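Trainee: I am new to this structure and would like to go through it step by step. Could you take my questions in turn?

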Amino acid sequence: MSESEYIEELRCKLINLAVEKGSFLDANVLELSQMLDYYLVHHLRRQKQRRRIS
């Protein structure tokens, strides 16, 4: 699974969990949101770094 696919999977899980819990303030939703943020930032930094090298 590529990094982009993993990020998309986390995004879908986040949406589903938020709908299930009825809130973005639920502790589990926040935890998953933070995990998604971490991977998004990491992915974007790697993309930026690759563009500089090219």
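Trainee: Which residue forms a salt bridge with R11?
Mentor: In this predicted model, the closest N and O atoms of the pair are 2.6 Å apart. A salt bridge needs such atoms within 4 Å. The partner of R11 is E8.

Trainee: By about how many helical turns are R11 and E8 separated?
Mentor: Both residues belong to helix 1. They are three residues apart there, which means a separation of about one helical turn.

Trainee: How many salt bridges does the structure hold?
Mentor: Side chains of opposite charge can pair when their charged atoms come close. R11 and E8 make one of these pairs. E9 and K13 also meet through their side chains, at 3.3 Å from N to O, and so do E3 and R46, at 3.3 Å. The count of salt bridges is three.

Trainee: What separates E9 and K13 along helix 1?
Mentor: E9 is partly exposed, with a relative accessible area of 30%, and K13 counts as partly exposed at 44%. The two are four residues apart in helix 1, so what separates them is about one helical turn.

Trainee: How many residues apart in sequence are the parts that the pair of E3 and R46 ties together?
Mentor: The side chains of E3 and R46 meet in a salt bridge. E3 lies in helix 1 and R46 in helix 2, so the pair ties together separate parts of the sequence. Those parts are 43 residues apart.

Trainee: What is the relative accessibility of R46?
Mentor: E3 counts as partly exposed at 24% relative accessibility. R46 counts as partly exposed too, and its value is 34%.

Trainee: Where do the buried residues of helix 1 lie, seen down its axis?
Mentor: The buried residues are I7, L10, L14, L17 and A18. Seen down the axis of helix 1, they fall within an arc of 100°, so they line one face of the helix.

Trainee: What does the face of helix 1 turned away from its buried side carry?
Mentor: What covers the buried residues of helix 1 includes helix 2. The face turned away from that buried side has exposed residues, and exposed means over 50% relative accessible area. The residues there are N16, V19 and E20.

Trainee: How far apart are the end C-alpha atoms of helix 1?
Mentor: Helix 1 has 19 residues, and at 1.5 Å a residue they should span 27 Å.

Trainee: Which residue follows helix 1, and what is its phi near?
Mentor: The residue after helix 1 is G22. The phi of G22 is positive, near 80°.

Trainee: Which residues do ring pairs link into a cluster?
Mentor: There are two aromatic pairs. Y6 and Y39 are edge-to-face, 5.1 Å centre to centre with 80° between the planes; Y6 lies in helix 1 and Y39 in helix 2, so this pair ties together parts that are 33 residues apart in sequence. Y38 and Y39 are also edge-to-face, at 5.3 Å and 85°. The cluster consists of Y6, Y38 and Y39.

Trainee: Is Y38 buried or exposed?
Mentor: Y6 is partly exposed at 27%, and Y39 is partly exposed at 28%. Y38 has a relative accessible area of 54%, and the cut-off is over 50%, so Y38 is exposed.

Conventions
Residues are numbered from 1 along each chain as its sequence is written. This is a predicted model: local features need pLDDT of at least 70, side-chain atom pairs count only at pLDDT 80 or more; totals for chains, interfaces and linings use all residues. Side-chain values use heavy atoms; hydrogens and water are left out. The expected span of a helix is 1.5 Å times one less than its number of residues. Buried means under 20% relative accessible area, exposed over 50%, partly exposed in between (1.4 Å probe, protein chains only). The arc is that of the directions from the helix axis to the C-beta atoms. Contact means heavy atoms within 4.5 Å. Rings of Phe, Tyr and Trp (its six-membered ring) pair if their centres lie within 6.5 Å; planes under 30 degrees apart count as stacked, over 60 as edge-to-face and the rest as tilted.
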